Every structure is written in C-alpha cells, then in structure tokens.
Amino acid sequence: MRNDYKFENLNLDEANIFELQEALEQGTLTSKDLVFYYLGRIAEYDQDGPHINAIMEINPDSIFLAEALDLERKYAGRRGLLHGIPILLKDNIGTHDKMHTSAGALALAQHISPEDACIVSKLREAGAILLGKTNMTEWANGISSSMWAGYSSRGGQVAHPYGEFFVGGSSTGSAAAAAMNFAAAAVGTETSASILSPAVQMSVVGIKPTVGLISRTGIIPYSYSQDTAGPMARTVSNAAILLGVLAGRDESDPATWRYDWSDREQDYTRYLNVEGLHGAKIGVYSELPEHVKCSGEYDEFLFNQVISDLTKAGAQVVKPIEIPSFHGPWKYNKINMEFKHGIQNFLHNLPAHMPIHTLSELINWNQNHEEQALRYGQDILEYRESLADLLNDREYIQESILDLHLARQEGIDYAIERYQLDAIMFPAYIGADLSARAGYPSIAVPAGYMENGRPFGITFAGKAFSEPTLIAIAYSFEQHTKHRKQPVFD
C-alpha cells in the first residue's frame, strides 16, 4: 500500500500544527483528509514494511470525529490549535470510548476505562481527534528486570525507526509514532526517563513537565511522587501546543493545586522564540556515568558540536558545572512502595467482570497464561507484591524526604543558583532521574546522528515550572541547528 495524499504547497510528512491549521482554515485540507493520511502511514509503515509496531489500536470512531470537527469548523469556527488534529495516546492513559486501556498487559486487554483521564477530557474539549493508543513497555517497565524496552505482552516489540538501535522506555510507542509521523503528536508518560529516553533515542522532542503541571487522574499509576504525562512530537512547536492543552488544574489531583493557574496563561507558543538562546546562561554537565559511555548513546564529537552551536546562537555556556548529588546515594524503596500501593488501588477499582483485582491475582493470571504473558518473567512484580507496610514504612518516608533534598537543594537548585543559570544541559538523558526525583521539568531535543545513523539528543532541565524558559531555549536550538531528519526506508 502507498500513501498518495498530496496537498498543494503542503508537505504532510513534515508539516507542523501551525501549518496544518492554516491549511484547514483555508479549506485546502480537512481533518478527515488528515485522519486518512495518518491511517495510511500506519498501515504502510507500522503494520507493513518496516513494521514499527508503535500502535496498539486505532480509534474506530476517528473518521466520524474528523467529519464532525470539520463541520464544526465550517459553521462555528475552530476551538483552538488542536481543533481537528489527530493525536495518539500511550496505552496507560484512560479513555472512555471504544478503545482499551491496558498498560500493555495481556491481563487488561479487554479493559475499557470507566471514564476519561483528565488530560483526555482536555484534549476532547480542545477538539483534538484521539486517533489511537500507542504500544509501551508493559506496566511502564514495572514487570520484569529482563524485559526489553518497548515490549508488551499485548502489543509485542516496538521497533526503532532509524535502525537496529535501543528504543528506550517506556513511552516507546509514542516516540516511534511521533518519529514516523503517525499523528501530529503523541502523549507519553514518565516516572523516570520514560519520555526523555525514547525521545532522545528516536530523534523527537519530548517534554517531561513539572510534576503537577498536568493532572495524573485517570492514568494507570507507577509513582505518586514522580508520575507525569507529557508531549512527544517531531518539533518543539508541536510539543508546546500540546503541552498547553494538557496543562491545567484538576480538582481531583492535589499535585496540580500548587501551581498559580490564575496568574499564568497556558499558551506555551508565546515562548517559541528563535532568539531564545541569545543571552541565556546554560550550564553543561558532562560527567558521564560509566554505563552511558559503554551504551553507545553518547557521541563526544556531537556533544562538543552542541556546545559550539549554543555559543553561536548567543548563549553563555558554563562548563563544566558541579551537581553534588548527581551520583546519589539513591535508593529505590520509594518507587517500589508507590508502585505496589498505586497498582493495588487501580486493580481494586476495576469492574467486577475483569479477571484481576489485586497484584497477587495479576501475578497468578500471568502464571496461568505464561506462554503469552511472561516472555520475560515477572520478577519485579513478585518482589513488589512481597512488600509490606507500604506508605507507612519508615524507609519510604525517609527516602521521600531525602529524594527531594538531594535532587533539589543539592542538585538542580544548587547548580542553577550557584552558576546563575537559566537551564542545565545534559548529554542524552543522563539528568532524567535527577529531574524525576525533584519533580522538575526537562525537554529532550534532537542533536544530530552518529556515524552509524543512530540519533543523538540532549536534554535541557530547570527548576519547577520553568517550562517557558526551557521551551524558548529548546526551540531556539532546534531552529538554529535543524538536526532532525526523517527516517528513511528502502
């Protein structure tokens, strides 16, 4: 099958949301055309050809939604920048429609969420078309220590669009879908590196927001203290548009209450400034962990080129900078406890007809369907099921406090205040865990390709709710360098 949708003066393979909206407003393109175009690409590349396997399922109502939104545009005007724009969602984000929400687990293959996640309601209100769900690392990489990133028992293995490379996790399907232009943008989730890692691996933009900028309600949990959804897209502008729709106060999620929504607009397109690097002070952290040096994710030449590009764009680069807590000591008791507590609550609230309602029942179900469900085992689930006390545990409480102190006061806050920085730049995604424990934002941006074709990326990190600054810096870097290239197939 070939995708033959061509439109005058518009390259749908690379058009950003601003350009799509202009064509939609002029009537040279319809949302129905867009849905057909993306479905054609999914059929050609995801299920055939290179078989990327990024899409878990398609929304059977997507064409009807497109037709309805085309009519609304014609008679009432557009709602905003996402009106009639197809968006993909990670499979752990609840939608109350004909699609399932399974976190990639075969045991939840028939689960339909009883209500939309808060961010799904926001997307619907903005006029976005929910095109489908994306594949992911099962249970957000919470089932097995040997499970390959991007694999789920329900969806199989996500392939890398650029070659035989590590796909990153766990929002791998969302990253691959964005790289392959299966939709205008996708939504991923992150506890630690699950947006930033696959974004770097697959040469797309990923924004891991401040915890509390985006509601967690209706998303299958992993960690109360670190979970957040975030946009994944081919360009910073597309990611910024999507972020503005996803962000907002949710009365059901106390994490969103600490943001002063009355004093700030959620229009992040205001910060898409090509001169955003001019005068910006960027601290460069370059102390690479040994596993990164050996993983093939780092390229010294490209990293030095990034520093040169930042300087040419008018940034003041400070290197190297010190982050006292970068190497910890970090523990993982908090994550284990929060995972068990959150998943137990989620499973307990599943409808009565579902086969599992506790973590132990999930483990037993997997064992009874071992051939299909346990390709990589379930040692992490079994360990977490054995934990007791959960959120009353003394070590959990101490680690929760210590994480914030080390990651903030001895980590990102320390560096930004000591060197008077606007942002910290990390090679690849090595700062992801630090930002995750702090609950602080990061944005991943493409930064070139290695000799073997493997993508290289960088991340910019900042203090709480510094998304406007990070978007301005990332957009300026993107526009000055134009590193991203489309995946090419024979």
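This report covers Arg 384 and strand E8 in a predicted model.

## Basis

The model is predicted: local features need pLDDT of at least 70, side-chain atom pairs count only at pLDDT 80 or more, and totals for chains, interfaces and linings use all residues. Residues are numbered from 1 along each chain as its sequence is written, and side-chain values use heavy atoms, with hydrogens and water left out.

## Arg 384

Helix H13 (residues 379–385) contains Arg 384; helices (H or I, at least four residues) and strands (E, at least two) are DSSP runs, numbered from the N terminus. Arg 384 is buried (under 20% relative accessible area, 1.4 Å probe, protein chains only). Arg 384 has no salt bridge (a side-chain nitrogen of Lys or Arg within 4 Å of a carboxyl oxygen of Asp or Glu). Asp 379 is the nearest side chain of opposite charge, 9.4 Å away; Lys and Arg count as positive and Asp and Glu as negative, while His and the chain ends are not counted.

Beyond neighbours within four places in sequence, the contacts of Arg 384 (heavy atoms within 4.5 Å) are Gly 142, Tyr 222, Ile 335, Asn 336, Phe 339, Lys 340 and Leu 359.

## Strand E8

In strand E8 (residues 228–233), 6 of 6 residues are buried. Thr 228, Gly 230 and Met 232 point one way, and Ala 229, Pro 231 and Ala 233 point the other way. In a regular strand, side chains alternate between the two faces of the sheet.

E8 pairs (at least two DSSP bridges) with strand E6 (residues 185–190) in the antiparallel sense over 5 bridges; Thr 189 is opposite Ala 229. Strand E7 (residues 205–208) also runs antiparallel to E8, joined by 2 bridges, and Gly 206 is opposite Met 232.

Definitions and conventions:
Buried < 20%, exposed > 50% of the residue type's maximum accessible area, 1.4 Å probe, protein only.
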